[in-house]
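Dear colleague,

I am handing over the structure below, and I would be glad if you could look through it alongside my notes.

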Amino acid sequence: MSSETATVQQVALEKDDVGNFFYPEKHRYDAGYGLTEKTIDYISKVKDEPAWVNEFRHKALKIFRSKPMPTNWATKDLDNIDFDAIRYYLSDGATPKRSWDDVPPEVLETFDRLGVPEQERAFLAGVEAQYDSEAAYSNVKEALAKEGVIFVTCSEGLKEHEEIFRPWFGKVIPTGDNKFSALNSAVMSGGSFIYIPPGVKVKHPLQAYFRINSENFGQFERTLIIADEGSEVMYMEGCTAPKFETATLHSAVVELVAMKGAKIQYITVQNWSSNVFNLVTKRGLAHEDAEIRWIDCNIGSRLTMKYPGVVMKGERARGEVISIALANDGQHQDTGAKMIHAANHTTSNVISKSISVGEGRSTYRGQVHIPKHLKGCKNNTECDALLINTNSRTDTYPAISVHGNQHVTQHEASVSQVSEEMLFYLQQRGLSETQAMSLAVNGFINDLVQEFPMEYSVELKRLIDLEMEGSVG
Amino acid sequence: MSATFASPALKEFDTLNWPVRTEENWRFGSWKEANLSSLKPIGEGQPAPLPEPLDGFTRLVIQNNTLVSGECPAVSVVDQSFGPISRLGSPKLAALHAAQSKMGLDVRCREDLSLEVIYLISGEGLCLPGMVIEAENGAKVRVVQRFLSTDDAPATVVTATDIRIGAQSQVTCLVTQELNPQSKLIRFADSTLQESAKSKLAVVHTGAKWVREETYSTVDGSEASSEILSVTLPTTGQEYDQRTLQHHGARNTHSDLLFKNTLFGKARTIFSGLIFVDEGAHGTDAYQTCRNLMMTDQGEAHSMPGLEINADDVKCSHGSTTARVSDEEIFYLMARGISPRNARSLVARGFSVEVIERLEDDQLEALALEVVDRKFAIAD
């Protein structure tokens, strides 16, 4: 065996290894297959929820049932989700541990293999680690807790901090926003609640890690982040799941609220295994002078549908979406952005870059809305697509609505491929074709990768190198 | 020929539904306007004074559904539709045309031709003219279609043009629409290009209350090139809804779309365009640009530029902008003694002229500009 093939095999193994392992299931609580009123009551009972939450869930279930699948505009692959073959709640108890020592050994081992405790020691201000339906571990550095920063699971948030939680919960993304936000509202479990008090600037990122360990399972985390006046926070999420034969569903709802002058950065590196349907609703509400940035990277999953949005409600608010998507064989990355301008002098920026490899398909869907009676709104949208192979596919479907003449919007999209000349040039200098291609692809997204924190950008480059293995030649 | 389309189309018309809000092809569109179920066929047309003829063009004049003057050996009049196919959201309306149209022009060119067709629309009701243009044998064909109202009655014109361009042939087509502000126009414009064929299809809309236009250009032959141009100047009470598709089905094909809307008053425009590249259509070179110029604060512009690319080794891009005349431009002209009002008009006119110049035909450019200037004189 030549050394090159050996390396390729090793790399392939390593790539699969990142998240492809699981432990036998040991769940104390299991809501069983399918979704009925009973499932909801079971979840509410296990979580010992107040009556208003249970009511909220029941209402959401009705809405979920009444809404059609959005297949009039989205892919027909959605019809392959069998809602009766999914387990909606699996956990070992609803209270997360504050110390890794108390976490069950196989769960600890899982997160150890994924490097979560190590990263926490190295550079994170707080971590929540979710294992199937509930967080196994949740902790925030003491200094931050003293400043009044709240970083708990969503269930804890709604019970213990109802006065802050409830006024904003379900306000940015109403239950009926779409079929999957309704589904999430009916069976939500896990996710984070974060509150940053006025003026507090959290220097280090907070992190959540979502892990699916069980087959035929649906993860429905719910996150609400409130940054009070003048505060700043960076939140990062990562996720993995083992490769099962059957489809797994992940349907999260993430709501961000940035009060006057606050800044929220939300970073996602999505690396689900290729059997996961990842159908996520993410939206932020930016008040006066506030800024919300979504930095989003989608590498994994079978189908991702995710259009992070910002509603700019206060004057001079700013919204930004920076998105990288990589679609490999059998994958469809349907991502985009939604920018709703609802006040004067609000500005938004969308930069999206996608790469389609093999038979992968990447889609950009965007919406920019500037309603009547506003002035001084600006939007800039750029989407670039790179096609690697003959069968690769890319689509772009933006929609820009402007009322009135006091605004400026511009949209630009391009599709290209890595030029023969570039590859030839690099090969001349001794790189293999694969290395040359990897380099070209990394160059294509380089300016966006730099927006990620250091630790993530290194990881990201490595993941992209792995994805590019075997894509040429 | 009369039995070919009419009877199956009538059946199809009965089974299809009028457009509804949830259809993606009607996003932002006024789908209710497309429901023509209450309309009766239009009556006999009225004669009216005609515009100056174009030098060197053969002129045909059609009053509602009747050819009243002119003749051309390359053109035959047929008594029914050739059956347009709607792929952009209005199959019901296409079936309506196929089932009920009583008049079409069949234009076959094996040599160069310059043809001007004037449609004089009068009275209330539904008018369904159609046209097929076939250019072969390297012919260079120029066609002008002018839609004019001769009274203030609310007419509804559903028209279809099918342009088939054979190898090495060329078609340049200019459609100007100056219907009265009570009328509606629904227009299907299909074109198919074979090897090394060339087309320039331009429209200028200044009239009508509501326009729905579906332009579908199929570039099926290698080295073929399709240009699609549009200038519109809507004002209060007018809505222009344009949907386009540039379909690339062969290697080394080219297409370029440039749409410019200048919105006055409470005008509303919708642009939805798609560049679709088939698998294997390598070497495609396709562009799409939609630009909206907002002259007032009450206008409303929706743009949906789209791409669907199924082949690598292509160059495709689209761009869309919406803005008003910049203060710098106004200032520059004011510094040269031009009033702010005139400065705005000048810049806006230049904005439209940029599209018209792409026709690269002095006569057609002059005609398009004349229509644009007529609107500027009353809209500003």
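What follows is a description of the interface between the two chains.

This is a predicted model, in which local features need pLDDT of at least 70 and side-chain atom pairs count only at pLDDT 80 or more, while totals for chains, interfaces and linings use all residues. Residues are numbered from 1 along each chain as its sequence is written, chains are lettered from A in the order in which they are written, and side-chain values use heavy atoms, with hydrogens and water left out.

On the side of chain B, 37 residues are in contact with 35 residues of chain A (heavy atoms within 4.5 Å). The area buried between them is about 2800 Å², with carbon and sulfur atoms giving 44% of that (accessible area, 1.4 Å probe, that the two parts lose on being put together, summed over both). In chain B, the residues that lose the most area to chain A are B:D297, B:D312 and B:T322, which together make up 18% of what that side buries.

One salt bridge is counted between the chains (a side-chain nitrogen of Lys or Arg within 4 Å of a carboxyl oxygen of Asp or Glu), and in it the side chains of A:R393 and B:E308 meet at 3.3 Å, N to O.

As for strands (DSSP runs of E, at least two residues, numbered from the N terminus), β19 (300–309) and β20 (315–323) of chain B each give two or more residues to the side that touches chain A, and β19(B) gives the most, with 10 residues. Strand β24 (residues 408–417) of chain A runs antiparallel to β20(B), joined to it by seven bridges, and A:A413 stands opposite B:H318 in β20(B).

With best wishes

Technical notes
Helix = DSSP H or I, 4+ residues; strand = E, 2+ residues; numbered from the N terminus. Pairing = 2+ DSSP bridges.
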